[in-house]
Amino acid sequence: MNKEMHRRIFRLCAGVQAAVLAALAVYLLVLPGVRLARELARPDLYGAPIPSLAWRLHRSLSPRLAPWALARIAEGTAANLALYDVPSTEWPMFGAVFYLMATESLQSEWERDPSLARTAPAVYAREAIEASAALVADPLHHTWVRQHWGPGYLHKQNVFFRGLLIAGISSYQRLTGSTNHLELLRDQAASMASELDRSRFGILDDYPYECYPIDVLATIAFIRRSDDLTGLDHGAFVARARRAFESPLTDEQGMVPYIADPVTGAIYDTARGTGNSWILMFAHELWPDLSARWYELYERYFWQRHALTAGWREWPLYSPKAHSRWDVDAGPIVAGYSPAANAFGVGAARVSGRLDHARILTPQVLAACWPLPDGTLLGARILSSAAHAPYLGEVALLYFLTRTPADGVVLRTEGGYTPRLVWVAYLFFFGGGAAVLWGAAGLWRRARRLEIGPLEAAIRIGLWLALTAAAVVLLLWSGRFGLAALALLMATYAFSRPRGNRGRSYR
């Protein structure tokens with residue numbers, strides 16, 4: 001192969017790399033910026049009813065969720081997981097239950113107003129509904145709690161898991177009318193309520209020696225919701241269960257602690273953002289007065305506002321953990337803010353009628369979710385578990401957006417605004433996209449002028465092919481977006497100017 005042929009192939013490869021970079025800049029940066037702007041401009045995003053974004057997100061997720069859930073069940077992955085690996089054990093079931101509850105809310109909204117969608121969610125999403133319910137009921141997906149609690153795991157504490165089981169089956173039954181799991185639902189609701197009622201303080205462990213009162217509260221709400229399906233009446237139980245969330249079982253500020261001891265009532269970890277946002281999506285349907293008080297305290301001790309942003313802290317400033325940077329439940333913590341507290345906080349604010357807070361949080365959360373043109377929320381996907389629960393972040397956001405104000409709450413809308421952080425996001429999307437496009441054009445110009453010999457051209461082409469192939473493998477086979485992007489960027493250096501070369505023209 002002569003020298004001129006090497007040059008042509010080198011230029012062709014450089015052109016392909018420049019085109020790929022330009023396409024990615026448009027797809028990953030420019031178009032997401034456009035989509036973000038369009039979504040944030042829709043007035044219904046900030047109102048009390050379920051916003052149209054939730055409907056689009058549900059239609060995007062449903063056809064993806066079904067194949068994933070069915071494949072996971074068929075592969076039996078859940079039978080061989082590390083016992084304390086939260087993303088691989090909890091998250092798949094958590095996501096399936098979130099999806100079922102969100103779909104139930106959309107179906108209820110559609111039944112009130114069929115003009116919201118041409119087809120009912122229970123119809124167009126039937127495959128995803130069945131697949132999610134199958135995952136929730138799959139015995140292999142119970143392996144980790146069976147290892148914790150033994151064969152009697154369905155009748156021995158295990159609050160978090162059994163609460164999710166009750167919630168998932170309840171939503172499935174309402175969506176489909178199926179009674180396949182009715183006896184299991186009745187058994188779990190009755191036995192869980194009885195066990196909590198008999199406990200000393202009204203709280204029990206999620207896992208051995210791990211008691212999270214926030215999960216107890218959510219489970220009580222799930223039990224109460226199931227009464228219309230089981231024919232049971234847990235009204236008296238709910239009234240007695242209030243004892244677990246009043247003094248002396250609250251922290252010094254009067255809030256629900258994150259971790260406590262069900263035997264002694266001792267508090268091991270005070271209230272935190274993720275926990276507060278979680279319980280405030282359910283508390284009002286149990287005890288409206290406590291819910292209102294907790295939200296007031298949450299705002300007093302956890303809400304903060306900076307020049308660029310505003311939202312919920314993961315830990316208040318008085319906490320020894322106030323300056324923590326990471327937590328498995330909260331995610332990366334920046335300047336006190338955590339992704340979980342603020343994403344869950346969207347749902348909490350909507351249920352509590354605090355549309356002013358929802359107006360502040362929703363644009364920031366959506367910007368962080370990085371909405372791609374095909375409906376994928378890249379930021380949420382990155383924070384999920386690619387191997388075990390790739391859709392958890394997106395399904396969770398769907399669930400939060402389908403929360404609506406509880407009956408009787410006063411809607412508060414004044415004071416909402418778009419934080420400056422959203423404009424920083426626009427700068428990232430549009431400014432970053434323009435920078436990459438400019439860089440792609442510069443790469444092509446430099447490659448056309450580089451004066452290199454056949455051997456160097458062959459080495460550079462080989463390096464480019466290897467790094468590009470690595471990027472494809474990392475993205476398609478392992479879902480490692482960050483490493484794939486790094487490999488692709490490194491491939492660009494195959495066409496950089498060698499030392500001492502001043503861009504002499506071939507001509």
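Predicted model: local features only at pLDDT ≥ 70, side-chain atom pairs only at ≥ 80, totals over all residues.

User: How many cavities of 30 Å³ or more does the search find?

Analyst: The search of the whole structure finds five. A cavity here is a set of points, on a 1 Å grid over the protein atoms alone, where a 1.4 Å probe fits but cannot get out; lining residues have an atom within 4 Å of a point. The volume is the space filled by probe spheres set on the points, which are joined across faces, edges and corners.

User: What volume does the largest cavity have, and which residues line it?

Analyst: Its volume is about 80 Å³. The lining includes Arg72, Leu81, His141, Trp144 and Gln147. Helix 3 (86-112) and helix 6 (143-149) are the elements that give two or more residues to that lining, and helix 6 has the largest share with three. Helices are DSSP runs of H or I with at least four residues, strands are runs of E with at least two, and both are numbered from the N terminus.

User: What about the second largest pocket, what is its volume?

Analyst: About 1300 Å³. A pocket is an open set of points with protein on both sides within 12 Å along at least five of seven lines. There are 42 lining residues, and Leu28, Leu475, Phe481, Ala484 and Ala485 lie nearest the centre. Helix 21 (481-492) gives the largest share, eight residues.

User: How does that lining split by class?

Analyst: The pocket lining has 30 nonpolar, eight polar and four charged residues. Ala, Val, Leu, Ile, Met, Phe, Trp, Tyr, Cys and Pro count as nonpolar, Asp, Glu, Lys and Arg as charged, and the others, Gly among them, as polar.

User: Switching to salt bridges: how many are there?

Analyst: The whole structure has 24, each being a side-chain nitrogen of Lys or Arg within 4 Å of a carboxyl oxygen of Asp or Glu. One of them joins Glu314 and Arg272 at 2.6 Å, N to O. Glu314 lies in the loop between strand 4 (310-312) and strand 5 (326-327) and Arg272 in the loop between strand 2 (267-269) and helix 12 (273-279), so the pair ties together parts 42 residues apart in sequence.

User: Are those two buried or exposed?

Analyst: Glu314 is buried at 0% relative accessibility, and Arg272 is buried at 3%. Buried means under 20% relative accessible area, exposed over 50%, and partly exposed in between (1.4 Å probe, protein chains only).

User: Which residue forms a salt bridge with Arg112?

Analyst: That is Glu109, with the closest N and O atoms 2.6 Å apart. Arg112 counts as exposed at 62% relative accessibility, whereas Glu109 counts as buried at 15%.

User: Which residues are linked in a network?

Analyst: Arg35, Glu39, Arg42 and Arg56 are linked in a network of salt bridges.

Terms used
Residues numbered from 1 in each chain as written. Heavy atoms only, no water.
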